[in-house]
Amino acid sequence: MRKLKEKKGGRVVDDRVLVSKSKKGDKVAFEELVRRYSNYVYTTSFFILRNTHDAEDASQEVFVKVYLSIGGFRGLSSFKTWIRKLTVNTCIDKLRLRSKTSNQKLSLDELTENCEVVFTGLNRNLEKIFLDKEMVKKVLNIIVSLDESYRVPLILRDLQDYSYREIAELTKKPIGTVKTNIHRARKIIKEKLRYYE
Amino acid sequence: MNNVNKYSKIARNIAKNIVVKPPEDIEEKIINKISNIDDSDRKLLDEKFLDYLRKNNSRLYLLNEKIKNNSGKLALLGSIVTLLVIFLIAVCYLSSSKNSSDNK
């Protein structure tokens, strides 16, 4: 199989090159994009949907959408931004469908069992300040265990860098409610962390 | 409490770089899926998705979004520029009035 991951000099092939090749129908290039972004898409989906099966479904759906529409992607934003927005939109649609049928309640233990966390690209300074990775896992578990109305805006704001306005549009809630819910979510995290201390 | 605030903020920053390990065969499943696209998959490209694609292919829309998302920063920048212009005008005016009074 032809490898596109590295060029002769060991440099990683730019996303733009892979996208351009994929647009011309190069399946190997698209497969490399899948390898590069499947973890990212899955992680984002898992945080929003809180379920391994749903996150897997959402990841497949996102890549099918990307595959079918990549010819129409003009590249005005980066591929990562494009796929990130697509993932968030897909997951929020799935949440809307799901909330009509059931409201999932999960315990922290269940989540910890399902979720194996890998630290990537950790800033050395941050690592020095924040040696206890277990604390990060606790924060993540608290975030994932939050109610949907708190969890989704907080994830979009703090982990995905969406603006309050964008979150309000996506979740179809007034901007004031979004700000209040994010503030409350942060407060809940702090209270639960204080309990762990 | 200060520690908790610090932990919470740093943890949320670190969480941006965290990967939840997917099932090992997820890449293969995705690649298999895109190799066997059927009509039900094509239905995923509904009107809502096509609208999203159209918007993301429009420079005007993206610029508009950027402005809306950074309205606070833009307002601050505008205020600074305005103040700077007022300051420069005032300096010019004062130096020219000083020159004219010196000439007299």
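Student: Okay, how many residues of chain A are in contact with chain B, and how many of chain B with chain A?
Tutor: In this predicted model, 50 residues of chain A are in contact with 39 residues of chain B.

Student: Which part of chain A gives the largest share of that side?
Tutor: That's helix H3 of chain A, residues 52-69, which supplies ten residues of the side touching chain B.

Student: And what's that side of chain A like by class?
Tutor: It has 24 nonpolar residues, twelve polar ones and 14 charged ones.

Student: Can we look at one helix pair between the chains? Where do H2(A) and H2(B) stand relative to each other, in distance and angle?
Tutor: Their axes come within 10 Å and cross at roughly 125°. H2(B) here is residues 26-35 of chain B.

Student: What do you call that arrangement?
Tutor: With an angle like that, H2(A) and H2(B) are therefore oblique to each other. As for handedness, the crossing of H2(A) and H2(B) is right-handed.

Student: Which residues meet there, in H2(A) and H2(B)?
Tutor: From H2(A) you have Glu31(A), Val34(A), Arg35(A), Ser38(A) and Tyr42(A). They meet Ile26(B), Glu27(B), Ile30(B) and Ile31(B) in H2(B). By class, the contact of H2(A) with H2(B) divides into five nonpolar residues, one polar and three charged.

Student: Switching to chain A on its own: how many helices and strands does it come to?
Tutor: Chain A has ten helices and one strand. Going along the sequence, the pattern is α-α-α-α-α-β-α-α-α-α-α.

Student: How much of chain A counts as buried?
Tutor: 35% of its 197 residues. Also, take the contacts in chain A between residues at least 6 apart in sequence: 61% of them join residues at least 24 apart.

Student: Back to H2(A). At what angle does it pack with H3(A)?
Tutor: About 140°, with the axes 8 Å apart. H2(A) covers residues 27-49.

Student: Why does that count as oblique and not roughly antiparallel?
Tutor: Roughly antiparallel is kept for angles over 145 degrees, and this one is about 140°. H2(A) and H3(A) are therefore oblique to each other. H2(A) passes H3(A) in a right-handed crossing.

Student: Who meets whom between H2(A) and H3(A)?
Tutor: On the H2(A) side, the residues include Phe30(A), Val34(A), Val41(A), Phe46(A) and Leu49(A). On the H3(A) side, among them are Ala55(A), Ala58(A), Val62(A), Phe63(A) and Tyr67(A). By class, this contact has eleven nonpolar, four polar and one charged residues.

Student: What domains is chain A divided into?
Tutor: Domain 1 spans 11-103 and domain 2 spans 115-197.

Student: How many residues of each are in contact?
Tutor: Nine residues of domain 1 of chain A are in contact with nine residues of domain 2 of chain A. On the domain 1 side, H2 and helix H4 (79-101) of chain A each supply at least two residues. The largest share, five residues, comes from H4(A). That side of domain 1 has six nonpolar, one polar and two charged residues.

Methods: Residues numbered from 1 in each chain as written. Chains lettered and ligands numbered in written order. Predicted model: local features only at pLDDT ≥ 70, side-chain atom pairs only at ≥ 80, totals over all residues. Contact = placed C-beta atoms within 7 Å. Helix = DSSP H or I, 4+ residues; strand = E, 2+ residues; numbered from the N terminus. Nonpolar A, V, L, I, M, F, W, Y, C, P; charged D, E, K, R; others polar. Axes fitted to C-alpha atoms, helices over the stretch in contact; angles between N-to-C directions. Parallel < 35°, antiparallel > 145°, perpendicular 65-115°, else oblique. Left-handed = near helix turned anticlockwise from the far one by under 90°. Domains from an automatic or database assignment. Buried ≥ 20, exposed ≤ 12 C-beta atoms within 10 Å, placed from the backbone.
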